[in-house]
Structure formats: C-alpha cells, structure tokens
Amino acid sequence: MRNSKIDIYYRPEMVLNDDGTSNFSRSPEKPRLFREFLAANGLYSNFNEISGWEPYTREDFLAAHTAEYVDNFFAGIKHDCVSNGLEWSKQFADSVRYTNSSLYHAIKGALENPAAVAFSPTSGFHHARPYCGSGFCTFSGQVIASLKLYRDKNAVGAYIDLDGHFGNSIEDAREFAGADLDAAVPPGFNINPSGSHKRYIADLEAKLQALEDKAAAGEIQYIVFCHGADSHEWDELGSQCTTGEWLECSAMVYSMVKRLDEKLGRPFPLALALFGGYRRDDYDSVLNLHAGDLSICLETLCGAATGFIPRVKRR
C-alpha cells in the first residue's frame with residue numbers, strides 16, 4: 001500500500017534568488033516556481049515536505065567530476081564556472097549543493113521507505129560532463145546519487161529520462177567513474193526514447209517492458225523518472241509529443257510501476273525529478289505539464305484524484 005501523499009525534498013536554499021541574472025533557462029528558479037504553482041492550484045496538500053537533509057560537500061561532487069572543474073566552479077573561475085551556459089553567482093553555486101543533494105535524498109528516501117513516492121523538484125543534471133558543465137547542467141546529479149547508493153547500499157537503479165534531449169551525463173561518466181557506474185546504472189537503463197509522436201511512444205513502451213522485466217527479476221532496485229517538459233512539441237527546445245502524447249507517456253510509466261507493485265506484492269521504490277522545459281512566452285505551460293504528470297502519479301499510485309487538467313498554451 002502506497003502513501004496517499006508524495007514526499008517532496010525541498011529546501012529554499014536550492015533556489016536561485018532573483019539577483020539580476022538573465023538566464024534563458026529558468027531551471028535555477030524552478031523548484032520555487034513549481035512549489036508556488038502547486039500551492040496556487042490547490043495541489044500542495046498532496047505533498048509531504050521533507051527538509052531535514054544536508055547539502056553536498058566538495059567530496060560528493062568528486063565522484064563524478066574532476067577536482068579542477070569542481071574547484072573552479074565554486075571559486076567562480078571562468079570558463080569552468082559558466083560552462084553550463086548559466087550566469088555564475090556565489091548564491092547560484094551554493095544552490096547546486098542543495099539541488100544535487102535533493103535528488104540523492106529523494107532516491108535514498110524511496111529506497112528506505114518504498115511506500116512513499118519521493119520527488120526532487122530539480123533540474124540541471126543530465127548534460128553535465130566529468131570535466132565541465134553543459135546545456136544548463138552543472139553537475140551530474142544522477143551519477144553522483146547512483147554511485148553513492150551503490151557504494152553505500154549496493155543498490156542498482158534505472159533512469160527514465162523523458163526530457164526532450166538525450167541525457168548524456170550517465171554515459172559520458174562511465175569511463176571516468178569506472179565499473180561502479182556500470183553496476184549502479186546498468187548500460188541500457190539510462191532510458192531515453194528516440195523518434196517523435198507514435199515512434200517515440202512505441203520506443204518508450206519497448207524500453208519500459210525491458211525495465212519491468214529486469215526490475216521484477218530483482219536486478220533493478222529503484223527507478224528514477226524524469227519527465228522534462230521540453231519533450232512537448234510547443235516547447236522552445238523540444239518537439240517529440242503533443243500534450244495528449246506527453247501525458248500518455250506519464251500514464252505508461254506509472255502504470256508500469258503499478259504492475260511492478262502488484263507483481264512483487266510491495267511498493268517498488270520510485271523517485272521523480274523535473275528536468276527541462278523552456279517557454280519564455282508562457283512558463284506556466286511548463287509548470288502545468290509537470291503538475292499534470294504528478295497528478296497522474298497521485299491518481300495511479302497514491303489513490304488521490306486531484307481533478308487537475310493541465311493547460312498548455314500554443315506557442
């Protein structure tokens with residue numbers, strides 16, 4: 001039996017304040033913007049806020065990155081500190097200690113309490129490389145979290161990455177991190193569907209079936225689902241899915257997890273993250289999609305019908 005509320009791993013320190021920067025990506029502000037959106041739409045009562053966790057230290061980042069890059073980023077040394085494509089400030093640098101830690105603690109929370117779906121309202125991970133940032137991503141949060149969980153708990157995980165752009169951070173880190181990363185996230189289970197519309201959905205369906213089989217056999221111990229809004233066809237940087245198809249993908253993932261629960265006779269550990277979404281004309285469209293995804297999760301897994309219908313404005 002799953003909890004009726006989703007655990008959200010949020011602290012205000014994980015958000016970039018309005019400090020005069022003018023980033024194209026609003027991901028550094030997104031945790032706060034999404035939390036406010038949920039509250040404004042009467043949805044936040046479906047979440048249990050968890051804030052008693054600590055930020056990452058320098059040593060945590062070294063699991064997936066060179067010491068030179070880590071030190072240069074936090075010291076504000078160019079070009080490393082802006083290789084993610086975002087303006088640097090000390091407050092932003094401090095915030096990524098919390099966003100990366102939020103993802104780790106959400107996954108850890110799902111493993112330790114599988115009845116609770118765990119949610120990290122974060123982005124900015126899946127394009128970072130061992131030696132630099134990239135594509136609005138600073139550090140490889142997925143890599144760091146999964147290495148920590150494998151080394152501490154022998155836990156093996158899979159990522160369903162439905163962001164509009166291939167999540168290269170795991171693959172790019174395999175040589176740097178060595179055999180532990182191949183064990184922590186087996187090759188083939190950093191899932192990024194290809195194609196668009198029907199082809200995208202068919203590819204996702206096949207990959208979900210392979211994941212379901214491996215998880216049911218006990219070879220995968222947790223799943224992290226990252227449904228980026230930039231896979232929507234009206235996103236400034238995306239194209240793959242209509243609104244209906246995008247929400248259908250959510251339903252496919254949560255239905256697969258529900259089948260795993262039923263097969264195993266227990267809740268299967270599930271963590272969620274936000275990832276991309278770019279609409280300078282109407283950022284509420286991005287937040288609506290994310291809220292729509294979580295509403296499907298609440299209905300499918302938690303038995304809590306929200307009645308929320310996402311409104312996405314044509315660009």
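Does Asn 46 count as buried or exposed, and what is its relative accessibility? In this predicted model, where local features need pLDDT of at least 70, side-chain atom pairs count only at pLDDT 80 or more, and totals for chains, interfaces and linings use all residues, that residue makes a handy starting point. At 13% relative accessibility, Asn 46 counts as buried (buried means under 20% relative accessible area, exposed over 50% and partly exposed in between, with a 1.4 Å probe and protein chains only). Residues are numbered from 1 along each chain as its sequence is written, and side-chain values use heavy atoms, with hydrogens and water left out.

Asn 46 sits in the loop that joins α1 (30-40) to β2 (47-50). Helices (H or I, at least four residues) and strands (E, at least two) are DSSP runs, numbered from the N terminus. Setting aside neighbours within four places in sequence, Asn 46 is in contact (heavy atoms within 4.5 Å) with Ser 4, Lys 5, Ile 6, Leu 298, Ala 304 and Thr 306.

Turning to the whole chain, the model holds 10 helices and 7 strands. Its radius of gyration, 18 Å, is close to the 20 Å that the globule rule gives for 315 residues, so the chain is as compact as a globular protein of that length. Here the radius is taken over C-alpha atoms, and the rule is 2.2 Å times the number of residues to the power 0.38. Along the principal axes, the C-alpha atoms fill a box of roughly 50 × 45 × 40 Å. Of the 315 residues, 60% count as buried. Among contacts with a separation of 6 or more, 75% are between residues 24 or more positions apart.

Helix packing comes next. Helix α8 (residues 197-216) packs against helix α9 (residues 243-264) at an angle of about 15 degrees, with the axes 10 Å apart; axes are lines fitted to C-alpha atoms, for helices over the stretch in contact, and angles run from 0 to 180 degrees between N-to-C directions. That makes α8 roughly parallel to α9 (angles under 35 degrees count as roughly parallel, over 145 as roughly antiparallel, 65 to 115 as roughly perpendicular and the rest as oblique). The crossing of α8 and α9 is right-handed, a term for a near helix turned clockwise from the far one by less than a right angle, with anticlockwise being left-handed. The contact includes Tyr 200, Ile 201 and Leu 204 of α8, and Cys 249, Met 252 and Val 253 of α9. By class, the contact of α8 with α9 has 13 nonpolar, 1 polar and 7 charged residues; Ala, Val, Leu, Ile, Met, Phe, Trp, Tyr, Cys and Pro count as nonpolar, Asp, Glu, Lys and Arg as charged, and the others, Gly among them, as polar.

Helix α9 also packs against helix α10 (residues 283-302), where the axes come within 9 Å and cross at roughly 30 degrees. α9 and α10 are therefore roughly parallel to each other, and their crossing is right-handed. Among the residues making this contact are Trp 246, Ser 250 and Tyr 254 of α9, and Leu 289, Asp 293 and Ile 296 of α10. The contact of α9 with α10 has 9 nonpolar, 5 polar and 3 charged residues.

Back in helix α8 lies Ala 210, which is partly exposed at a relative accessible area of 39%. The C-alpha atoms of Ala 210 and Ser 255 are separated by 14 Å, the two residues being 45 apart along the chain.
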